[in-house]
Amino acid sequence: MATTILVGAQWGDEGKGKIIDVLSEQADIVVRYQGGNNAGHTVEVGAEKYVLHLIPSGILYPGKLNVIGNGVVVDPIALWDEIEGLRRRRVAVDNNLFVSETAHMVMPYHRLLDEIREEQKGHRKIGTTKRGIGPAYSDKVARTGLRIGDLLAPERFAERLRRKVRENNEIFKAFGHRPMRFQTIYDQYIAIGQKLKPFITDTVTLLNRAVRDNKNILFEGAQGTHLDIDFGTYPFVTSSNATAGGACTGSGIPPNRIDRVVGVMKAYTTRVGEGPFPTELHDEQGTALRETGREFGATTGRPRRCGWFDAVATRYAVMVNGINDLAVTKLDVLDNLPKIKVCVAYKCGRKLWETMPTDIDVLMRCQPVYQEFDGWRCSTRHVLEFDQLPKRARVYLQRIAQLSGARLSIVSVGARREETIFL
Ligand code: GDP
Ligand code: IMO
Ligand code: MG
């Protein structure tokens, strides 16, 4: 496996958690490199279902090391809750989970700022997860953030926190919210810091030693290419680099040590939150996809917007991530459809777009150009080999991989580990 980056090729929720779980078997270390607990990665093992937000999905495989890298924004309280939740379910989290001392923290004022900013935007809101992700990354870039390591240096933490609380209370006052108390936050965070102490370490050195020792490292991307701060449908994006480049800056592993990039994409498309979505279905077909695919957010429970597969979007993802291998998930959701559509290009006025327009106003006006496929109309749930899939399903899969421009390597036909076909 060597060093593999796994990224979402669409707008998130592609089934990254499931594919990570399947690939974890061959990995020594699984690393999260960006995002925070806005992510919700579902893994089904036997009859058990886990939703992971900050902890890498590799935690469910005994004997694997799991790292929350420097590029992640960590809400320490949410992390502690997740650790405790896993312990209650008898999942081992001691000596196999490490968090970077230089990862920035999500603070209570970030969550409130996230809410206020969304409120202020009114109908132009982004539809964030309200986990404080944007404001936490803003502070990081503005060089006023607090990092996990600061919890272990109480004086430094106090000084910086005092300044941030004072500054943000001015904003809260202006928007009619109650000010926050320095002491309450300080006490809570210092206490959590002591609990998290055994997990906090220099993950940059840890990971580079692992690279030197030829360990297999698997990067678990969160969100997806079109939610990336640089390559996504700005401003309707998240605040980090969800694309492959983020794996290097978010972990400290240099680019020349990356061997392979795997892109995960659903056999159709979903999006949660606001923003352009050219193949969105507003009719009963969209509703049917949502119901069959159980498309409700793993973090916020919001219904996901559903639509046909968009090859313009995935082609762009293959390009900016350097995707070698594709994992197509949720093929089974299409099992009963008589006709299936794939968007092969966009039309805007008289112009045909085969690449993603970077101007969001153009993208908003784009109409999908579809190729139609006959459905296979039988269950693929128990198929174990690619050759045993119905012919029409194989045609569909090969075509979406070809349009995207990378090799089809994995097909997922159900949420569980066993429901996976390797090519
Ligand atoms: P992630 O954020 O990319 O990890 O994806 P989510 O966990 O948010 O959403 C994917 C959902 O689809 C989860 O409920 C998974 O259990 C489920 N899932 C993953 N792969 C398959 C599949 O091949 N078929 C079906 N029916 N469900 C799947
Ligand atoms: P996983 O890792 C799908 C979306 C939000 C919103 C936008 C910005 O499970 O695929 P944020 O809270 O990050 O500031 O919200 O990004 N979003 C996701 N959508 N899957 C996710 O993660 C997401 N994380 C954020 O809905 O539109
Ligand atoms: Mg998700």
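Me: How do I read a polar contact, and what kind of atom in D13 lies 3.0 Å from an oxygen atom of ligand 1?

Reply: A polar contact is a pair of N or O atoms within 3.5 Å (within protein, one must be able to donate a hydrogen and the other to accept it, and residues adjacent in sequence count only if both atoms are side-chain atoms). In D13 the atom facing that ligand oxygen is a polar side-chain atom, at 3.0 Å. R304 also uses a polar side-chain atom, 3.0 Å from an oxygen atom of ligand 1. K16 takes part through a backbone N or O atom, with 2.7 Å to an oxygen atom of the ligand. Alone, ligand 1 exposes 580 Å², and 92% of that is buried by the protein. Such areas are accessible areas by the Shrake-Rupley method with a 1.4 Å probe, where, for residues, only the protein chains shown count as cover.

Me: What should I know about the model and its numbering before going on?

Reply: The model is predicted: local features need pLDDT of at least 70 and side-chain atom pairs pLDDT 80 or more, while totals for chains, interfaces and linings use all residues. Residues are numbered from 1 along each chain as its sequence is written, chains are lettered from A and ligands numbered from 1 in the order in which they are written, and side-chain values use heavy atoms, without hydrogens and water.

Me: Which residues come nearest to ligand 1?

Reply: A residue is near a molecule or strand if one of its heavy atoms lies within 4 Å of it. Around ligand 1 there are 18 residues, and K16, G17, T42, D332 and S412 come nearest. By class, this shell has three nonpolar, seven polar and eight charged residues. Here Ala, Val, Leu, Ile, Met, Phe, Trp, Tyr, Cys and Pro count as nonpolar, Asp, Glu, Lys and Arg as charged, and the others, Gly among them, as polar. Helix 1 and strand 3 each give at least two residues to the shell; helices (H or I, at least four residues) and strands (E, at least two) are DSSP runs numbered from the N terminus.

Me: In which pocket does ligand 1 sit?

Reply: Rolling a probe the size of a water molecule over the atoms shows where empty space is left. A pocket is an open set of points on a 1 Å grid over the protein atoms alone, where a 1.4 Å probe fits, with protein on both sides within 12 Å along at least five of seven lines; lining residues have an atom within 4 Å of a point. Ligand 1 sits in the second largest pocket, "sits" meaning that more than half of its atoms lie within 2 Å of the grid points. The second largest pocket holds about 770 Å³ of space. Its lining has 32 residues, with E44, G293, R294, K330 and A415 closest to the centre. The lining divides into five nonpolar, twelve polar and 15 charged residues.

Me: Which pocket holds ligand 2?

Reply: Ligand 2 sits in the largest pocket, whose volume is about 1,000 Å³. The lining comprises 49 residues; N38, I133, V237, T238 and S239 lie nearest the centre. Helix 4 gives the most to this lining, seven residues.

Me: Which residues are closest to ligand 2?

Reply: Of the 20 residues surrounding ligand 2, the closest are D13, K16, H41, T129 and T238. A side-chain N or O atom of T238 is 2.6 Å from an oxygen atom of ligand 2. D13 has a backbone N or O atom 2.8 Å from a ligand oxygen, and Q223 a polar backbone atom 2.8 Å from one. The protein covers 98% of the 550 Å² of accessible area that ligand 2 has on its own.

Me: Where does R294 lie, and what is its phi?

Reply: Most residues other than glycine have a negative phi, and most peptide bonds are trans. R294 has a positive phi, near 45 degrees, and lies in the loop between helix 9 and strand 13 (305–307).

Me: What kind of peptide bond joins Y234 and P235?

Reply: Y234 and P235 are joined by a cis peptide bond, with omega about 5 degrees. P235 is in the loop between strand 10 (217–220) and helix 8.

Note on methods
Grid points are joined across faces, edges and corners, and a volume is the space filled by probe spheres set on the points.
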